[in-house]
Amino acid sequence: MREAARALLEANTESVTRDGRVWRYSVPSRRSYPHQWLWDSCFHAVVWSLFDPSRGCDELRSLFHWQWPNGLIPHVVFWHPERVYLRKWHHLESPDVWSFLPGHKPRTTALTQPPVPATAVERLVLAGAEDFLAEALPVLDRYYHYLASERDPDQDGLISTITQFETGLDFSPAYDRAIGARSRFALEIAAKSRRIEIKNKLAGYDLKRIFAREDHAEDVLVNAIWIDNLKALARLARRAGHAELAAWAEAKSAQALQSLLERAWDSGRGLFFSLVGSAEIRTEAKTIQCLLPLLIEDLPGEIAERLLAHLTDSREFWPAYPVPSVGLDDPSYDSDSHIHGIRLIWRGPCSMNTNWFLHQGLVRHGEAGYASQLAERSQELVERGGFNEFYGARSGRPVGAKRFGWATLVTDMDSA
């Protein structure tokens, strides 16, 4: 399977000459996702660390090359502007107000994605790319400080997304209620989620204007990854002898965890729910976000046990092929993410990247048996259906984009 994973990432590799040098990265899927995505490249780098750490460093270099002066790492890089089409969403997410005009195609979006880079860098360093740390650490320093200073308007330690598409879980039903959409009306869901992006575009992606509205959110998945990656950043900083950065990252991680426990934990339901707007109204749908704090090593044991009970319940998140992106017992669950023939992703099928996060969480909380089961069932999905974007949680049938890069994370899930 590792050989097949490497072959796929190599087949999806793009090489671009810019600024006098060659940049290499893997697109998620040549046909459906022909650009470079932030968390996808981080996942690719993790897999590259298993057999070619230097290629993994190139994956992140090509991403870090586009870091903004304020520290933001954009969630999509358009290395090939000719692939940016007017009818696509690219223009809505671009910072350039003139991007709709001929000759003004965007080079990046103004959005970011779940902050996975510190984990990816750490994996490469531990795999032998020690020299990469000196190159990557200043980038990580600026990026995580940007998130802390610009994406935390209430200074509670939790970072905010300005559209649900920054969560990486695009059309997750977690946000249907927040955007005023009904779960069985696909066109309404799509239109109302994109309407927020139109408002952001009209605001010039000015964060002060955006946070003055009530449609930003403190997403549980994003913040679980934020907390975990701050710990990774602290370890990297200590390794490089940067004690001040390490102390800052540790303190930020602890603050964010405390706020997550106080504000997003629903003790009655035994799950975490994302917070919408300055009033921090909790989302209600039972989705994969609710479980992701299991990734956090310092999560209190009694809370981890309650999350585990939901995760391993066959009526909720543990069907034949776990882990569905929406609980089987939630009214918004769709087996293949199609509503009346219209595809809206992250509304039911399972994905290998969230399986990978949860596999780590199970190992960290001493649940080796369940971790092994999750790895075995994930590997079975790939053996049967190939490296795919999503898989049916009950049927195991591949759905979504084929030959998909992040599915290679299955090779990093130990079933032993």
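In this predicted model, cysteine 57 is buried, with a relative accessibility of 3%. Its sulfur lies 12 Å from the closest cysteine sulfur, that of cysteine 42, which is too far for a bond. Cysteine 42 is likewise in no disulfide, the nearest cysteine sulfur being that of cysteine 57 at 12 Å. Against a cut-off of 2.5 Å between sulfur atoms, the number of disulfides comes to 0. Cysteine 42 also counts as buried, at 0% relative accessibility.

Cys42 is one of the buried residues of helix H2, which spans residues 38-48. Of the 11 residues in H2, 11 are buried, so the helix is largely enclosed by the rest of the structure. The buried set includes the aromatic residues Trp39, Phe43 and Trp48. Also buried in H2 are Asp40, Ser41 and His44, together with Leu38, Ala45, Val46 and Val47.

Cys57, in turn, belongs to the part of helix H3 that contacts helix H4. H3 comprises residues 53-64 and H4 residues 117-126. The two helices pack at an angle of about 150 degrees, and their axes are 10 Å apart. Angles over 145 degrees count as roughly antiparallel, and H3 and H4 are therefore assigned to this class. Their crossing is left-handed. On the H3 side, the contact is made by Pro53, Gly56, Cys57, Leu60 and Phe64; on the H4 side, Pro117, Ala120, Val121 and Leu124 take part. By class, the contact contains 8 nonpolar residues and 1 polar residue, with no charged residues. An α-helix has 3.6 residues a turn, so residues three or four places apart point the same way.

A further buried position is found in a loop. Serine 351 lies between strand S11 (342-343) and helix H12 (352-364). The relative accessible area of serine 351 is 1%, and the residue is therefore classed as buried. Leaving aside residues up to four places away in sequence, serine 351 touches Val323, Trp346, Glu389, Phe390 and Trp406. Serine 351 and tyrosine 391 are separated by 40 residues in sequence, while their C-alpha atoms are 6.5 Å apart in space.

Terms used: Residues are numbered from 1 along each chain as its sequence is written. This is a predicted model: local features need pLDDT of at least 70, side-chain atom pairs count only at pLDDT 80 or more; totals for chains, interfaces and linings use all residues. Side-chain values use heavy atoms; hydrogens and water are left out. Axes are lines fitted to C-alpha atoms, for helices over the stretch in contact, and angles run from 0 to 180 degrees between N-to-C directions. Helices (H or I, at least four residues) and strands (E, at least two) are DSSP runs, numbered from the N terminus. Angles under 35 degrees count as roughly parallel, over 145 as roughly antiparallel, 65 to 115 as roughly perpendicular and the rest as oblique. A crossing is left-handed if the near helix is turned anticlockwise from the far one by less than a right angle, and right-handed if clockwise. Contact means heavy atoms within 4.5 Å. Ala, Val, Leu, Ile, Met, Phe, Trp, Tyr, Cys and Pro count as nonpolar, Asp, Glu, Lys and Arg as charged, and the others, Gly among them, as polar. Buried means under 20% relative accessible area, exposed over 50%, partly exposed in between (1.4 Å probe, protein chains only).
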